[in-house]
Amino acid sequence: MSRKLLIAGNWKMNGLLADGVALAKGVAGEVKALGKTDLEFLVCPPFTLLTSVKKALRGAKVALGAQDCHFAVKGAHTGDISPAMLKDVGCAYVILGHSERRADHKESSELINKKSVAAYEQGLKAIICIGETEAERDAGKTIDVCAKQILGSVPDNATAANTVIAYEPVWAIGTGKTPTSKDVQEVHAAIRKVLAKKLGKGNANKMRILYGGSVKPSNAKEFLSLEDVDGALIGGASLKVEDFLGIAKAVK
Ligand code: PEP
């Protein structure tokens, strides 16, 4: 089953206007220079940079995504951003249920499910994040935790066309620590099995499952060449053009 590898950058809460535009221009230039590739590129800047980054990416095959959204189309939700607003400024994707949102904002799988449905309704693709904490891993619960998060967070109408899963062990995010490639393949294969039960084999076989957690140019090939790994969600290394593109070049 061939699934197009997705190289996705999560800029998190980083970048003022000038930094964001410079980074986006750098990524756009390098992606153009890379020429024809089988990879799909995506950057997810903070809300404040979406419009300027969209402009800076003009002419380059790099999609735009956001890092969260509300489940309502509009209304009395001070401080929130709706999926319709994201679509309006040119987003194709939205990251939902990142572990930092699950932890910092107490987001439940049920809420992430609602947000995903709302994203689909606006034609956005949801990147639904799951992953275990270090304590859960040490207790041997990784696969159970991921299965529970998938069953709760992934809507019944998710398809390979509207959803990407990102497996991100919480303890590997921003720490420089990573699971072994054997562990990653095992978890991704288990995730695909759960998806098959929930959404049918056809969707599960076509759905992309990204690995995220301290991916960098030097370890990208190890993870991205695994059978059930279909790309990477990249935090820290997405903030430097040479690292973000270095990851792509390592697997091109
Ligand atoms: C992330 O937060 O999605 C992430 C994977 O971060 P990092 O690459 O910095 O570990």
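The model is predicted, and local features are reported where pLDDT is at least 70, side-chain atom pairs count only at pLDDT 80 or more, and totals for chains, interfaces and linings use all residues. Residues are numbered from 1 along each chain as its sequence is written, and side-chain values use heavy atoms, with hydrogens and water left out.

## The ligand and its shell

There are 14 residues around the ligand, and those that come nearest are Lys-12, His-98, Glu-168, Gly-174 and Ser-214; a residue belongs to this shell if one of its heavy atoms lies within 4 Å of the ligand. By residue class, the shell divides into four nonpolar, eight polar and two charged residues, where Ala, Val, Leu, Ile, Met, Phe, Trp, Tyr, Cys and Pro count as nonpolar, Asp, Glu, Lys and Arg as charged, and the others, Gly among them, as polar.

| Residue | Atom on the protein side | Distance to a ligand oxygen atom |
|---|---|---|
| Lys-12 | polar side-chain atom | 2.5 Å |
| Glu-168 | side-chain N or O atom | 2.8 Å |
| Gly-174 | backbone N or O atom | 2.7 Å |

On its own the ligand has 290 Å² of accessible area, of which the protein covers 95%; accessible areas come from the Shrake-Rupley method with a 1.4 Å probe, and for residues only the protein chains shown count as cover.

Lys-12 sits in the loop between strand E1 (6-10) and helix H1 (17-34), and its phi is near 55 degrees, a positive value in a residue other than glycine. Helices (H or I, at least four residues) and strands (E, at least two) are DSSP runs, numbered from the N terminus. Ser-214, in the loop between strand E7 (208-212) and helix H10 (217-224), likewise is not a glycine and has a positive phi of about 55 degrees. With a relative accessible area of 17%, Ser-214 is buried, a word that means under 20% relative accessible area, as against over 50% for exposed and in between for partly exposed (1.4 Å probe, protein chains only).

## Pocket and cavity

Rolling a probe the size of a water molecule over the atoms shows where empty space is left. On a 1 Å grid over the protein atoms alone, a cavity is a set of points where a 1.4 Å probe fits but cannot get out, while a pocket is an open set with protein on both sides within 12 Å along at least five of seven lines, and lining residues have an atom within 4 Å of a point. Grid points are joined across faces, edges and corners, and a volume is the space filled by probe spheres set on the points.

The largest pocket holds about 440 Å³ of space. It is lined by 18 residues, of which Lys-12, Met-13, Gln-67, Asp-68 and Arg-101 are the closest to its centre. Helix H4 gives the largest share of this lining, three residues, and the lining as a whole divides into six nonpolar, six polar and six charged residues.

The structure holds one cavity of 30 Å³ or more, and the largest cavity contains about 40 Å³ of space. Its lining consists of Gly-97, His-98, Ser-99, Arg-102, Cys-129, Ile-130, Gly-131, Gln-149 and Glu-168. Helix H4 (99-104) and strand E5 (125-130) are the elements that give two or more residues to this lining, which divides into two nonpolar, five polar and two charged residues.

## Buried residues elsewhere

Where does Trp-171 lie in the chain? Trp-171 is in the loop between strand E6 (163-167) and helix H8 (181-199), and Trp-171 is buried, with a relative accessible area of 8%. The C-alpha atoms of Trp-171 and Gly-131, 40 residues apart along the chain, are 9.0 Å from each other.

Arg-208 belongs to strand E7 and counts as buried at 10% relative accessibility. Its side chain is joined to that of Glu-40 by a polar contact of 2.8 Å, that is, a pair of N or O atoms within 3.5 Å; within protein, one must be able to donate a hydrogen and the other to accept it, and residues adjacent in sequence count only if both atoms are side-chain atoms.

Gly-20, in helix H1, is buried at a relative accessible area of 1%, and lies 6.7 Å from Val-53, C-alpha to C-alpha, across 33 residues of sequence.
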